[in-house]
Amino acid sequence: MTDVETLIYTFEETQRAVLLHFHNLLYSLNLQAKISYKIPFYYQNSWVCYLNPLKDGSVDWAFPRGNELSNHQGLLESKGRKQVCSVNFKKLGDIPEEAVMATLQEAIL
């Protein structure tokens, strides 16, 4: 088990399910995972995204260079930040798979 997976298993069930879903998806796309600032970051040539488990039990899926993405799906929010854009998920059923994949493919490019 990797450091990132060990970290993910420390969270409660609903949050863990969302974190594992994204971790497995990102890992399947050959992104490297690394813990930075006590949360999982995923990168290829540079940072692509990170997963930020929040105290309210949700998971913030964020893109450090989100301001450069087209956001055609309307999924991402800047929340007053200049560069980072993110979307918040409380449970697995909230995840729109097609929009997630489109956003992720664009971020990797």
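Because the model is predicted, local features need a pLDDT of at least 70 and side-chain atom pairs count only at pLDDT 80 or more, while totals for chains, interfaces and linings use all residues. Residues are numbered from 1 along each chain as its sequence is written, and side-chain values use heavy atoms, with hydrogens and water left out.

**Confidence**

- The protein averages a pLDDT of 96, and 100% of the residues score at least 70; pLDDT is the predictor's confidence in each residue, from 0 to 100.
- Among the elements, E4 has the highest mean pLDDT (98) and H3 the lowest (95); helices (H or I, at least four residues) and strands (E, at least two) are DSSP runs, numbered from the N terminus.

**The largest pocket**

- The largest pocket holds about 240 Å³ of space.
- On a 1 Å grid over the protein atoms alone, a pocket is an open set of points where a 1.4 Å probe fits, with protein on both sides within 12 Å along at least five of seven lines; lining residues have an atom within 4 Å of a point.
- Of the 14 residues that line this pocket, Ser-46, Trp-47, Arg-65, Ala-107 and Ile-108 are the closest to its centre.
- Strand E3 (47-53) and helix H3 (97-108) each supply at least two lining residues, and H3 gives the most, with three.
- Sorted by class, the lining has eight nonpolar, three polar and three charged residues. Here Ala, Val, Leu, Ile, Met, Phe, Trp, Tyr, Cys and Pro count as nonpolar, Asp, Glu, Lys and Arg as charged, and the others, Gly among them, as polar.

- Asp-60 sits in strand E4 (residues 59-63) and counts as buried because its relative accessibility is 6%. Buried means under 20% relative accessible area, exposed over 50%, and partly exposed in between (1.4 Å probe, protein chains only).
- The side chains of Asp-60 and Lys-79 make a polar contact at 3.2 Å; such a contact is a pair of N or O atoms within 3.5 Å, where, within protein, one must be able to donate a hydrogen and the other to accept it, and residues adjacent in sequence count only if both atoms are side-chain atoms.
- Lys-79 lies in the loop between E4 and strand E5 (85-89) and is partly exposed, at 44% relative accessibility.

**Two lysines with positive phi**

- Lys-79 has a positive phi of about 50° although it is not a glycine.
- Lys-38, also not a glycine, has a positive phi of about 65°.
- Lys-38 is in the loop between strand E1 (32-36) and strand E2 (39-43), and its 73% relative accessibility makes it exposed.

Technical notes
Points joined across faces, edges and corners; volume = space filled by probe spheres on them.
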